[in-house]
Amino acid sequence: MGLRSAESSSSGPEQLCRALMEHGNNLIYELDTHNSIVRVSRFAAHRIGHPADRLVGSDFAELVHAEDRAAVRQALAAAGSGAAQPALQHRVLNHDGTVRRYTSVVTPVLNERGDVSSYLVNAFELTEHGNTEHGGTEYGGTGHGGTGRRRAPELQLMRRNRFQEILTEIASAFIDLPPERTHETRAASLARVSRSLGAVRSYIYEFRHETDTLERIHYWPGDHAASVTPPSVAPPATLSVNSFSTTTRELQQGRTVQIERDQTAELHRELEALGPSPSVASVRIVPLTDANYRSEHDGRTHCVGFLGIELDRRRIDWSDDEEHLLTAFARMLFAIHRRAVIRDELERSRRFLADLIEHSASIITVKSLEGRYARVNRAFEEYFDLDRDKVLGRTAADLFPGEMAEKIMAMDRSVIETERAQQHEVTIELADGAHHFLTNVFPVRDYAGAVVGTCAIPAEITQQKEAEQERIALETAAEANRAKAAFLANISHEVRTPLNAVVGFLQILARDSELKPQQAEYLRIVNRNAKHLITLVNDILDFSRIESGTVSNRARVFRLDETLNDLHAIFKRTAELKGLQFSVELDDAVPRLIVADEHIIRQVLVNLIGNACKFTTKGYVTLQVGLLPGSRLAIAVSDTGPGIPKHEQSHLFTAFAQARTGAASGGTGLGLAIAKQLVELAGGEITLQSGDGIGSTFRFTIPFRETDEEAIAPERSEARPMVIARPQGPWRVLAVDDNLDSLRMLTAVLEPVGFEVFTAQDAEEAVWSAVQHTPHVVVIDMRLAGTDGTTVTYTIKSTPETRATPVIAISATAFAERNAGNGLEVFAEVITKPFQLSELFQALARVLGLEYHYREPHELEFEPQGAHSLAPSDLATIHSAMLAELREALLSGDIIEFKRLVLQAESVNDEVRRQLIALAEEFNMRMLREVFEV
C-alpha cells in the first residue's frame with residue numbers, strides 16, 4: 001500500500017518526514033522513479049560516511065554491494081507495480097570500504113492521481129556490534145544516563161532494530177492520517193513504544209512558560225492500569241516548574257534524567273510529584289527540544305517538554321542509539337501534537353473567518369487570478385439579488401454591464417500586478433438607479449506568499465455622495481446668497497443714501513411756512529413718491545431676508561378690519577372675472593385695533609387667497625377670521641378647488657415642492673414655504689385640510705395684543721423740534737459722511753435747532769476734527785471711502801480726549817442687524833437710512849439728555865386742490881370698454897398703464913382727467929379704488 005506524497009498532504013506528515021530525516025537515528029532514503037536519491041537522512045549519510053549533498057542525485061543501487069544490486073532493483077520495480085514486498089536483506093558499501101548488512105523496507109509514495117511519484121527506503125542495520133566484514137570500528141557507547149552493566153550486543157542490536165522498525169511504522173501511520181484520528185493514533189503510538197521498552201506507564205509533558213507550569217498532553221496508563229495505576233494515582237495534569245526545578249534544569253541543558261527512588265530526597269520529591277505508583281522503581285525523563293523554539297538568552301534550541309518512561313526496575317543501561325531513537329520518538333510525537341494544535345487553531349480561525357465573511361454586513365467577494373468568483377457572502381447575494389451558485393466560477397463580465405465589468409476587472413488586474421491593496425470608486429447601475437461604492441481590493445496570498453487571487457470589500461457611499469453633492473449645492477447656494485446679500489447691501493447703500501438726502505431736504509422745505517398752496521402740493525407729491533420708492537426698496541430687501549431667514553417680527557398697531565377690506569378690494573375683481581364668489585368674514589369678537597405684524601398677515605393672506613383664486617374654477621373662496629383663547633387670531637382661507645391629494649401634502653410646505661396642480665400651472669414652489677416661515681416667525685402655526693376633489697382649507701394662527709384708539713394718534717415725537725429747551729451752550733456735533741449732500745442735509749437740519757455742526761468726509765479728517773473740537777456727539781455713516789464707521793469710531797475712542805464721546809451710527813444697509821456682536825456695541829444708537837428727522841432728534845435727545853420745544857407739523861398735511869372731489873358718478877362719461885381697462889390696470893397696480901389710458905381716453909372730462917392723473921402721481925390707490933369701485 002502506497003503513501004501519499006508529502007506535497008499533497010497536510011503540513012504535519014511533511015514536517016514529520018523532515019524531522020525523521022534530520023533528527024532520527026534511521027537510515028532513510030527517498031528515491032525518484034529512476035532510483036536516484038532525492039533525500040537522505042542525516043544519520044544514513046553519517047553511517048555510510050558519505051556527505052548528504054553528494055548522495056543526492058546518485059543511483060541508490062551504486063551504494064549496494066554488487067552481488068545485491070539486482071535484487072534491490074527488482075524489489076524497487078515490484079514496489080512500483082503495487083505488489084506487497086517483504087523486507088529485503090542487502091549489503092551497503094561504506095565510504096571507508098567496510099561493508100554492513102541491512103534489512104530494508106521499500107514503500108511507494110503516491111501523488112494525488114494515485115501514481116507512484118517516489119519511494120521511501122527504510123534500512124535497519126543487521127551487522128553485529130564490534131564486528132564488520134572488514135573489521136570495522138565499534139558503533140555505540142554507554143548510556144546517556146550513566147554507566148552500568150552492558151547488555152549483550154546481540155540483544156542490544158535486536159532491540160534497537162525492533163525499536164527503529166516500530167518508529168518507522170509509527171511515522172508511516174501519521175502520513176495522510178485524517179485529523180479526527182490524530183489523538184487516537186498518538187495514544188496508540190505512545191502505548192506501543194512504551195510496551196517495547198517494558199514500561200509500567202508513560203507520559204509527555206509540555207512546558208507552559210507563560211505560567212511556569214508543565215501540562216500533560218499524552219498519557220499511557222500501562223497494560224494493567226486498573227490494578228497497578230488506577231486513575232486516582234495517574235500523573236497530575238499540571239506540574240509546577242518550581243516543584244520540578246532540579247529535573248527542569250537538567251532538561252533545559254538537553255540532558256536525559258533518570259530518577260530512582262533511592263536517590264536524593266529532592267529527586268525523590270520530584271518523583272513523588274509525578275503521582276504515587278508503588279510498582280515504579282525508576283523513571284527515565286527524556287528532554288524534548290524543538291528548533292522552532294529558541295532561548296531568549298543564548299539563542300540555542302531549548303527544551304519544550306519531556307517524555308517520561310516509568311519502569312518497575314532500577315537503572316538500565318541505554319545505548320546511544322536507543323537514546324537517540326527514544327528522543328526521536330518523543331520529538332515526533334510532540335511535533336505531531338504541535339501540528340494538531342496548530343491545525344485546530346487554523347481550523348478555528350478558518351471557521352471564524354468563514355463566519356465573519358458570511359455574516360458580515362459588508363459585501364465581500366474573493367476572485368481567482370483569472371477573475372472568477374471563488375467566494376461571495378450572503379450580503380452580496382441579498383444586495384444584488386443573485387444566488388451564489390450562479391455567481392461562483394463566473395467573471396464580472398458575466399454579471400455586470402460591459403463598462404462596469406471592465407472597471408472591476410481592471411481593478412483586480414492592477415492589484416495582482418502591483419501586489420498591493422488599492423482603493424477605487426465604482427458606480428453600479430441597478431434597477432433603482434446608480435449606486436456608488438468605495439471598494440477596497442487587496443491581494444490574497446498562499447502560505448508561500450504568492451498572490452493567488454483578490455478580495456474586494458465594497459462599501460456603499462451613495463448617501464454620502466448625495467450628501468456631498470447636496471453639501472456642494474448648499475455651499476454654492478450659500479455663496480450665491482452671500483453674493484446676493486453683499487449686492488443688496490451695496491444697492492441698499494447706494495439707493496438709501498441719496499434717498500436720505502431727498503427725504504431730509506423735503507422735511508426741511510416742509511418747515512417753510514411761506515410755501516404757497518401749489519408749492520406745498522408739489523412738495524407733498526414728491527414726498528409721497530419718495531416714500532413709495534422707499535417702500536419698494538424695503539419690499540425687495542424684505543424678500544431677500546425671508547430667503548436667508550433673517551426677517552424679523554415687526555409688530556405694530558394697525559386696524560385689522562381695514563387690512564381685510566384692502567384684501568377684499570384687491571381680490572374681489574379677480575374672483576369675479578373667474579365667476580367665483582369671494583367673501584371676507586370677520587367675527588364680531590375680534591378686536592378691530594390690534595398689535596401684530598401686519599406685513600406678515602398681509603403677505604401670508606395674499607399668498608393663500610391668490611393660490612385659492614388661481615386654482616379654483618367654480619364655487620367660492622372664503623376668508624374667515626375668528627378668535628382663539630390666549631389672544632390668538634384664527635384665520636382660514638377655504639376654496640372649492642380641485643384639492644390636494646394626501647400623499648402630496650407632507651412636502652407641500654417645503655421649498656421648491658409643489659402639488660401636481662401647482663406644478664402644472666407653473667410657479668417656483670416657494671410661496672407656501674415662505675408663508676409657513678412667516679407664520680412661525682410671528683409665533684403661530686399653519687395647517688392644511690384637503691383631499692383629492694374636495695377643495696382646500698389653509699388655517700393659521702397669529703398671536704396679537706389688544707390696544708385702544710389713542711395708540712394710533714400721532715406721537716409727540718412726530719412734531720418738529722423748534723429749539724433745544726434749556727440750552728447749556730452750543731451742543732457740538734461732528735457729522736462724518738463721504739457723501740457731501742448728506743452732510744449738507746444734516747447741517748441744515750441740526751443748526752436751526754441750536755446744534756453747532758462740524759463735518760468730515762474721511763477717516764483722517766474725522767479723527768483730527770474729533771480731537772480739535774471735542775464734540776458732544778459724533779454722527780457717523782457706517783460706510784466711508786476706504787474704511788468703515790466702526791473702525792473710525794474705535795480710533796476716535798482710543799484717544800483720551802474723546803474716549804467717552806457717544807457715537808450715533810447711520811447705516812444704509814438693510815442687513816445692519818446681522819452685524820450685532822461685530823462692533824455695533826461701540827455705538828450709542830444706530831439709525832437706518834433713510835430716516836425721519838424725528839428719529840435723529842430722538843436719538844440725540846437720548847444720548848445727550850436733551851429736551852425740545854416743539855411746533856406741530858403742518859407742512860405736508862393739506863391735500864391737493866380738488867383731489868377728493870371725485871365720485872364714481874364722475875366716470876359716467878367714460879366708455880365701458882375703457883372703464884374696464886382702467887379698472888384692470890388698478891387691480892394689477894400698473895400706475896404707468898393707468899396714466900397712459902387716462903391720457904388717451906377721449907371721453908374723460910378735463911377736470912376729471914387732471915384729478916385722476918394727480919391721484920396716480922401721488923400713488924393714492926385707496927382714493928382711486930373708491931372712485932372706480934374696485
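These legends describe close-up views of one predicted model.

**View 1. Confidence along the chain.**
The protein chain has an average pLDDT of 76. A score of at least 70 is reached by 75% of the residues. Among the elements of the chain, strand β22 (residues 632–639) has the highest mean pLDDT, 94. Strand β1 (residues 3–4) has the lowest, 44. In residues 711–718 the pLDDT is below 50. Beyond near neighbours in sequence, that stretch makes nine contacts in the model. Residues 857–868 also have a pLDDT below 50. Their stretch has 29 contacts beyond near neighbours in sequence.

**View 2. Strand β29 and its two partners.**
Strand β29 covers residues 777–781. Is this strand mostly covered or mostly open? It is mostly covered, with five of its five residues buried. Val777, Val779 and Asp781 point one way from β29. Val778 and Ile780 point the other way. Residues on both faces are buried. Strand β27 (residues 731–736) runs parallel to β29, and four bridges join them. Leucine 734 has valine 778 of β29 as its bridge partner. Strand β32 (residues 807–811) also pairs with β29 in the parallel sense, over four bridges. Here isoleucine 780 stands opposite alanine 809 of β32. Strands of a sheet pair through backbone hydrogen bonds, either parallel or antiparallel.

**View 3. An open sheet of three strands.**
The strand order in this open sheet is β18-β20-β25. The pairing is antiparallel. Which strands form the edges? They are β18 and β25 (705–706), and each pairs on one side only. Four bridges link β18 to strand β20 (residues 593–596) in the antiparallel sense. Look for phenylalanine 558, which stands opposite isoleucine 594 in β20.

**View 4. Glutamate 598 and two arginines.**
Glutamate 598 forms a salt bridge with arginine 556. Their closest N and O atoms are 2.2 Å apart. Arginine 556 lies in strand β18 (residues 556–559) and glutamate 598 in helix α16 (residues 598–615), so the pair ties together parts that are 42 residues apart in sequence. Glutamate 598 also meets arginine 602 in a salt bridge, at 3.2 Å from N to O. Arginine 602 and glutamate 598 share helix α16. They sit four residues apart, about one turn of the helix. An α-helix has 3.6 residues a turn, so residues three or four places apart point the same way. Arginine 556 is partly exposed, with a relative accessible area of 44%. Arginine 602 is partly exposed too, at 26% relative accessibility.

Arginine 388 and glutamate 358 meet through their side chains in a salt bridge, 2.8 Å from N to O. Why does this pair tie together separate parts of the sequence? Arginine 388 lies in the loop between α10 (378–384) and α11 (396–399), while glutamate 358 lies in helix α9, so the parts joined are 30 residues apart in sequence. A search of the whole structure finds 23 salt bridges. Elsewhere, Glu67, Asp68 and Arg91 are linked in a network of salt bridges.

**View 5. A nonpolar patch on the surface.**
Which residues form this patch? They are Ile342, Leu346 and Tyr447. Together they have about 380 Å² of accessible area. Leucine 346 is found in helix α9 (residues 320–359). Leucine 346 counts as partly exposed because its relative accessibility is 45%.

Helix α27 spans residues 925–932. How many of its eight residues are buried? Six are, so the helix is mostly covered. The buried residues of α27 are Met925, Met927, Leu928, Arg929, Val931 and Phe932.

How values were computed:
Residues are numbered from 1 along each chain as its sequence is written. This is a predicted model: local features need pLDDT of at least 70, side-chain atom pairs count only at pLDDT 80 or more; totals for chains, interfaces and linings use all residues. Side-chain values use heavy atoms; hydrogens and water are left out. Buried means under 20% relative accessible area, exposed over 50%, partly exposed in between (1.4 Å probe, protein chains only). Helices (H or I, at least four residues) and strands (E, at least two) are DSSP runs, numbered from the N terminus. Two strands pair if DSSP finds at least two bridges between them. pLDDT is the predictor's confidence in each residue, from 0 to 100. Contact means heavy atoms within 4.5 Å. Patches are made of residues with over 30% relative accessible area and no salt bridge: like charges are joined within 9 Å, nonpolar side chains (Val, Leu, Ile, Met, Phe, Trp, Tyr) within 5 Å. Accessible areas come from the Shrake-Rupley method with a 1.4 Å probe; for residues, only the protein chains shown count as cover. A salt bridge is a side-chain nitrogen of Lys or Arg within 4 Å of a carboxyl oxygen of Asp or Glu.
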